[in-house]
Every structure is written in structure tokens, then in C-alpha cells.
Amino acid sequence: MDFGVALLSVMLFFSIVGKNNNVAAAISMLLLIKLMNLEIINQYISKNGVNLGIIILTMGALSPLALNKVSLSDFINASKSIEGLITIIAGIIVAVLASVGLDTMKVDTNGVVGVLLGTVIGVSFFKGAPIGPMIALGITTIILKIFRL
């Protein structure tokens, strides 16, 4: 058994123990693709999966607009309260951190491995959400640059 299959199997185990169906489903699909030797699909996912995932996440986040569940007054009110301003600032910070993380993800495989392992642990045992790897990698990159590590 190669290392990738072994590591994915361990991550699948933790995802099942931690009752995270989303991560378990993703890992199961990757294992199935790997075990069926469908390398072309694996290469496509490796190359385009993050972008496709971002598109789907963005669609989910924006769907209340398409369903007319958000009004112009909601947008105006968001900028009038301290809570609204904090959420706007947090959104900007997260978007910037995710961008830094995406750039780092393309060149730093060590960072990716650590962040993915941390994400699986965080999701499986601390009730986290598996949408933070790019942000975590962005935070890591910025911290390492600050301390020049």
C-alpha cells in the first residue's frame, strides 16, 4: 500500500470517528478514484478541485441573494452597526488570508500537508469546519514571514 492510500485511510478513520460526513465522503471518493486507478480524474481534481470547491462554496454563500432573502436595507444596516462593520472587516481579512494561502498552497507542499492534517483533526475532534485550509495556510505564511522562519 502506498503512503497516500495509507494516510487517506487514517484520515478517513478519524473523519468517521469524528462523525464528519463531508470529509469522510471526500476522502472516500479520493480513495475510490485512487484504488480504481483513475489517475486522469485524480490529476483533474488535483489541478482544479480547489477552484471548483471555491465556486460551489461561493454559490452557497450567495444563494440567499438569488432567493431574494437579502434586501438592500440588510446591506445598508450591515454598515451601520459595530457588529456589521466587524463582519465586513473579518470578511476582508479572511479573503486576503485565503488568497495568501492559495498562493502558498501552489508552492509549499509541507505547509499543505500540515494544514490538511490539522484541518482533519480540527474537524474530527473539535467540531470545526473543513473550509479553512487556505486561511490557515495564509495565517501560517504571514506568521512565518513576520518571524522570518
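Two ground rules first: residues are numbered from 1 along each chain as its sequence is written. In this predicted model, local features need pLDDT of at least 70, side-chain atom pairs count only at pLDDT 80 or more, totals for chains, interfaces and linings use all residues, and side-chain values use heavy atoms, with hydrogens and water left out.

**Exercise 1: the overall fold**

Work out how many helices and strands the protein has, and what share of its residues is buried.

Solution. Start with the DSSP runs, numbered from the N terminus (helices are H or I, at least four residues; strands are E, at least two). That gives 7 helices and 0 strands. Next, take the C-alpha trace, which spans about 55 × 45 × 30 Å along its principal axes. Finally, check burial (buried is under 20% relative accessible area, exposed over 50%, partly exposed in between, with a 1.4 Å probe and protein chains only). Of the 149 residues, 18% are buried.

**Exercise 2: helix α5**

Compare the reach of helix α5 with its expected span, and find which of its residues are buried.

Solution. The expected span is 1.5 Å times one less than the number of residues. Helix α5 covers residues 82–107, 26 residues in total. From first C-alpha to last, α5 reaches 38 Å, close to the expected 38 Å. As for burial, Gly84, Leu97, Ala98, Gly101 and Thr104 make the list.

**Exercise 3: aromatic rings**

Classify the pair formed by phenylalanine 14 and phenylalanine 125.

Solution. Rings of Phe, Tyr and Trp (its six-membered ring) pair if their centres lie within 6.5 Å; planes under 30 degrees apart are stacked, over 60 edge-to-face, the rest tilted. The whole structure holds 2 aromatic pairs. For phenylalanine 14 and phenylalanine 125, the centres are 5.5 Å apart and the planes at 70°, so this pair is edge-to-face. Phenylalanine 14 is in helix α1 and phenylalanine 125 in helix α6 (residues 109–126), so the pair ties together parts 111 residues apart in sequence. Both are partly exposed: phenylalanine 14 at 29%, phenylalanine 125 at 41%.
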